[in-house]
Amino acid sequence: MSFRPDHELHRRRLGRNLGLGGALLVFVLLVFGMTIEKVRNGVPAEAMLGEANTAQPSTGAGTGP
Amino acid sequence: MADILTHDTQTEASLSDFVQLLKPRVMSLVVFTAMVGLLVAPVHLPPVTALAAILFIALGAGASGALNMWWDADIDAVMRRTRGRPVPAGRVQPGEALAFGAVLSVFAVVMLWLATNLVAAGLLAFTIFFYAVVYTMGLKRWTPQNIVIGGAAGAFPPMIGWAAATGSVGIEAWLMFALIFMWTPPHFWALALFMKDDYSNAGVPMLTVTHGRKATRAHILAYTILLAPVAIGAALTSIGGPLVLAVSAVLNLWFLKGAWAIRARDESEAEADGYRVEKAFFRFSLIYLFLHFGAFLAQAALRLNGIWSW
């Protein structure tokens with residue numbers, strides 16, 4: 001039973017995909033690390049969610065079930 | 001099936017082609033100077049945020065490099081030094097380089113904003129615009145002062161690093177900017193002296209082509225003289241200290257000696273010894289910048305321990 005060896009094109013694609021995967025992993029780890037730091041330094045959760053979420057004063061009404 | 005078999009495999013870029021688009025060698029300088037700007041600032045970021053800031057600054061610089069390679073593919077194809085780059089070599093399509101650069105630019109700026117502050121992100125956005133649009137699409141092909149004004153783009157990273165930490169821009173950040181800004185022309189003109197055919201073949205109006213090589217030698221000396229007080233001035237501010245002053249004095253004297261030697265030579269002498277002095281000056285210019293910023297960093301470490309500082 002023999003398999004045909006991978007075409008050079010597939011090796012190139014694999015390399016690109018692994019590179020992209022690695023970059024995404026680094027990005028996730030960075031965001032996770034920054035979040036931990038912000039939590040440890042006492043940054044309020046509202047501030048981390050951005051201004052859009054903190055602009056509306058909380059009235060307690062219309063917040064869903 | 002025939003479509004699959006005749007698929008053109010040459011048009012698919014590899015990972016290293018995309019890495020090359022980011023100009024990794026330039027990026028290493030950006031990483032180093034941005035890191036120094038960030039670490040010598042009076043405010044200290046948490047470690048992961050600092051790492052992220054440096055990474056996003058480097059990514060923004062790399063993105064502007066990709067945009068530069070997209071626009072300059074015609075020039076790069078002519079010059080010996082650049083004809084192997086991914087776009088002129090046909091490994092990456094121009095549209096891919098444009099999309100890659102544009103998406104990464106936006107990503108880097110937004111992420112730097114979220115990780116640090118709007119001042120740093122704004123400066124990064126301006127740097128990308130300045131390098132990709134003002135320098136690459138404008139100055140580079142129009143004026144022999146391209147290197148002088150375009151050098152500003154390479155000078156911004158330490159200022160962005162400082163702004164990422166402090167949220168503002170102080171005199172120290174401006175002096176680090178000025179140091180790289182004044183260093184860039186002698187560095188590139190020395191390169192242009194011994195890569196002479198490249199720029200003239202590509203039609204880039206380098207000073208060597210428009211004003212001659214004698215004038216270029218004089219300009220190198222003039223900028224090296226102007227660079228010295230900027231470097232010494234930085235040593236006298238809060239990021240400086242006795243160590244920076246000592247290192248700066250030695251480096252500037254050596255740099256001036258090299259610039260004087262370049263000024264004193266003519267073309268026949270330079271050609272006779274294969275541009276030995278010009279090449280040595282170019283190599284030393286890299287050491288000059290590295291040691292200057294290294295001294296800022298070492299001085300900050302000394303200051304932190306309360307020894308040998310102003």
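Mentor: One definition before we start. A salt bridge here is a side-chain nitrogen of Lys or Arg within 4 Å of a carboxyl oxygen of Asp or Glu. Also keep in mind that this is a predicted model.

Trainee: Fine. How many salt bridges does that rule give over all chains?
Mentor: The count comes to 14.

Trainee: And how many between chain A and chain B?
Mentor: There are 2 salt bridges between chain A and chain B. A:R16 forms a salt bridge with B:E12. Their closest N and O atoms are 3.2 Å apart.

Trainee: What about the rest of that interface? How many residues are in contact?
Mentor: On the chain A side, 16 residues are in contact with 20 residues of chain B. The area buried between the two chains is about 1400 Å². Carbon and sulfur atoms give 66% of that.

Trainee: Let's stay with chain A. Which residue does A:E8 pair with?
Mentor: A:E8 forms a salt bridge with A:R12, with the closest N and O atoms 2.6 Å apart. Both residues lie in helix α1 (residues 8–40) of chain A. They are 4 residues apart, about one turn of the helix.

Trainee: Is A:R12 buried or exposed?
Mentor: A:R12 counts as buried, because its relative accessibility is 13% and the cut-off for buried is under 20%. A:E8 is at 37%, so A:E8 counts as partly exposed.

Trainee: Over to chain B. What does the domain assignment give?
Mentor: Domain 1 covers 16–167 and domain 2 covers 170–310. Their C-alpha centres lie 21 Å apart.

Trainee: How many residues are in contact across that boundary?
Mentor: In domain 1 of chain B, 32 residues are in contact with 34 residues of domain 2 of chain B. About 2900 Å² is buried between these two domains, and carbon and sulfur atoms give 79% of it.

Trainee: Where do B:R265 and B:E278 lie?
Mentor: B:R265 is in the loop between α13 (242–264) and α14 (267–272) of chain B. B:E278 is in helix α15 (residues 276–304) of chain B, so the pair ties together parts that are 13 residues apart in sequence. B:R265 is buried, with a relative accessible area of 10%. B:E278 is at 0% and counts as buried.

Trainee: Which residues do shared partners join into one network there?
Mentor: B:R213, B:R217, B:R265, B:E267, B:D273, B:R276 and B:E278.

Trainee: Last topic, the surface. Which residues form a nonpolar patch?
Mentor: B:V119, B:V169, B:I171 and B:W174. Together they have about 350 Å² of accessible area. B:V119 sits in helix α7 (residues 118–142) of chain B. At 34% relative accessibility, B:V119 counts as partly exposed.

How values were computed
Residues numbered from 1 in each chain as written. Chains lettered and ligands numbered in written order. Predicted model: local features only at pLDDT ≥ 70, side-chain atom pairs only at ≥ 80, totals over all residues. Heavy atoms only, no water. Patch = residues over 30% accessible without salt bridge, like charges linked within 9 Å, V, L, I, M, F, W, Y side chains within 5 Å. Areas by Shrake-Rupley, 256 points an atom, 1.4 Å probe, with all protein chains shown as cover. Helix = DSSP H or I, 4+ residues; strand = E, 2+ residues; numbered from the N terminus. Buried < 20%, exposed > 50% of the residue type's maximum accessible area, 1.4 Å probe, protein only. Domains from an automatic or database assignment. Contact = heavy atoms within 4.5 Å. Buried area = accessible area lost by both parts, 1.4 Å probe.
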